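Here is a short briefing on one protein chain. Keep the sequence and the 3D view open as you read.

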Amino acid sequence: MSKKILKLAKTPIICYPDYVYPLSVILNEEGSLDWFYSNFIQIYHEKDAKDSPVNFYYSDRNNRLWDTRFSLLDYQNIQKDTIDKLNIDIVDFLTTIIDTDFYCYLYLDEYYLPNSYVYEKFHFSHVEFIYGYDLDEKIFFMSGYDKSGHYNKYTYKFDDVKKAYLLCKRDYYHDKNTIYLFKYNEQGSPYHFDRNAVYMQAMEYLEARDSSVRYNHCFNPRQGMTYGVDVILQLVKDVEEYKRKNTNEINVKSFCIMQEHKTLMILRLKYMIERGYLKGDDGCVTLFEELENEYKILLHLVLKNSINQNKEILERIISKLKENYEKETIAFKKFTNLLKTS
């Protein structure tokens, strides 16, 4: 086969590769929507995770057991060291696994990738996603984050990918030394929409409960974590700290996740009504649409501050976050009451 391109679905969560790559595979299947809208409700803030403090909650503590985070995936992984010792050419390996309908998620050094913002500037190992190839053109079809930091699709030459692979710094006990392969698990048990699961997660969000306690038979609850609506108050503290230090290093992705969270709540409500899981929304859609717009404004303010720090902008961000805390509390109270009564 000289050319093969696997399908990629659009997903409302694009801020982090850990979500957008697997979901762009899972959401190709309409049968996945019940699972999708039964999840991605709780969020957390991890104090020590400076690069990505705010995320959707999942039970997988080690960030590697994707069958707990994405149960609809059939996934495998292999160490780069194993590929090397078997003397397997990485281009041959990637084209072969695509022929078997597996997508690939692996770390490459973006210094060697022309569409990256660090191209020929400095070395930076980052995870990339490969979903197709063309032997005649000698290119891979890939998706990821382009020069502008936007999630996008593009192609890279075989030689560029090979070089970025071979010269990528590895850590043996880290994802950088792992190649992940996954596809939709057609043999798995179907997942049906679980209204009780939605209610439980929504209550955990509303009451800012530690969701990891539910899994304390597997691992101890995580330390330095903030959950649910209290994440907003933690973001207030973060911005106040940046203000005291006179720095503009506010984490943009945290605000992106907060916006995507609201977008997903809107989509979830509409899906539940369309499928008959709710009789109506009791004004919840409007409330979450207003919040979605508020986070778009906040994201704009954070980006504006990153270009030119301004204490007035920081004060606006803090004020809006405090307002959003009150609005989200109201919205989730209404949503959980709707789940109990509708």
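Predicted model: local features only at pLDDT ≥ 70, side-chain atom pairs only at ≥ 80, totals over all residues.

Average pLDDT for the chain is 91, and 95% of the residues score at least 70.

**Confidence**
- One stretch, residues 63-67, stays under 50 in pLDDT.
- For residues 63-67 the model has 21 contacts beyond four places in sequence.

**Helix 5 and helix 6**
- Helix 5 spans residues 90-99, and helix 6 spans residues 158-166.
- Their axes are 9 Å apart, and the packing angle is about 110°.
- An angle of 65 to 115 degrees counts as roughly perpendicular, so helix 5 and helix 6 are roughly perpendicular to each other.
- The helix 5 side of the contact consists of Ile90, Val91, Leu94 and Thr95.
- Facing them in helix 6 are Phe158, Val161, Lys162 and Tyr165.
- By type, the residues of this contact divide into six nonpolar, one polar and one charged.

- Three strands form an open sheet in the order 3-2-10, and the pairing is antiparallel.
- Strand 3 (54-56) and strand 10 (225-227) are the edge strands, and each pairs on one side only.
- From one strand to the next, the twist averages 30°.
- Strands of a sheet pair through backbone hydrogen bonds.
- Strand 2 covers residues 43-46 and pairs with strand 10 in the antiparallel sense, over three bridges.
- In that pairing, tyrosine 44 stands opposite tyrosine 227 of strand 10.
- Strand 2 also runs antiparallel to strand 3, and three bridges join them.
- Here histidine 45 has valine 54, in strand 3, as its bridge partner.

**Aromatic pairs**
- Counting ring centres within 6.5 Å, the model has 28 aromatic pairs.
- One of them joins tyrosine 103 and phenylalanine 129, with ring centres 5.7 Å apart.
- The two ring planes meet at 5°. Planes under 30 degrees apart count as stacked, so this pair is stacked.
- Which parts does the pair tie together? Tyrosine 103 lies in strand 5 (residues 103-109), whereas phenylalanine 129 lies in strand 6 (residues 125-134).
- The pair therefore ties together parts that are 26 residues apart in sequence.

Definitions and conventions
Residues numbered from 1 in each chain as written. Heavy atoms only, no water. pLDDT = per-residue confidence, 0-100. Contact = heavy atoms within 4.5 Å. Axes fitted to C-alpha atoms, helices over the stretch in contact; angles between N-to-C directions. Helix = DSSP H or I, 4+ residues; strand = E, 2+ residues; numbered from the N terminus. Parallel < 35°, antiparallel > 145°, perpendicular 65-115°, else oblique. Nonpolar A, V, L, I, M, F, W, Y, C, P; charged D, E, K, R; others polar. Pairing = 2+ DSSP bridges. Phe/Tyr/Trp six-rings, centres within 6.5 Å; stacked < 30°, edge-to-face > 60°.
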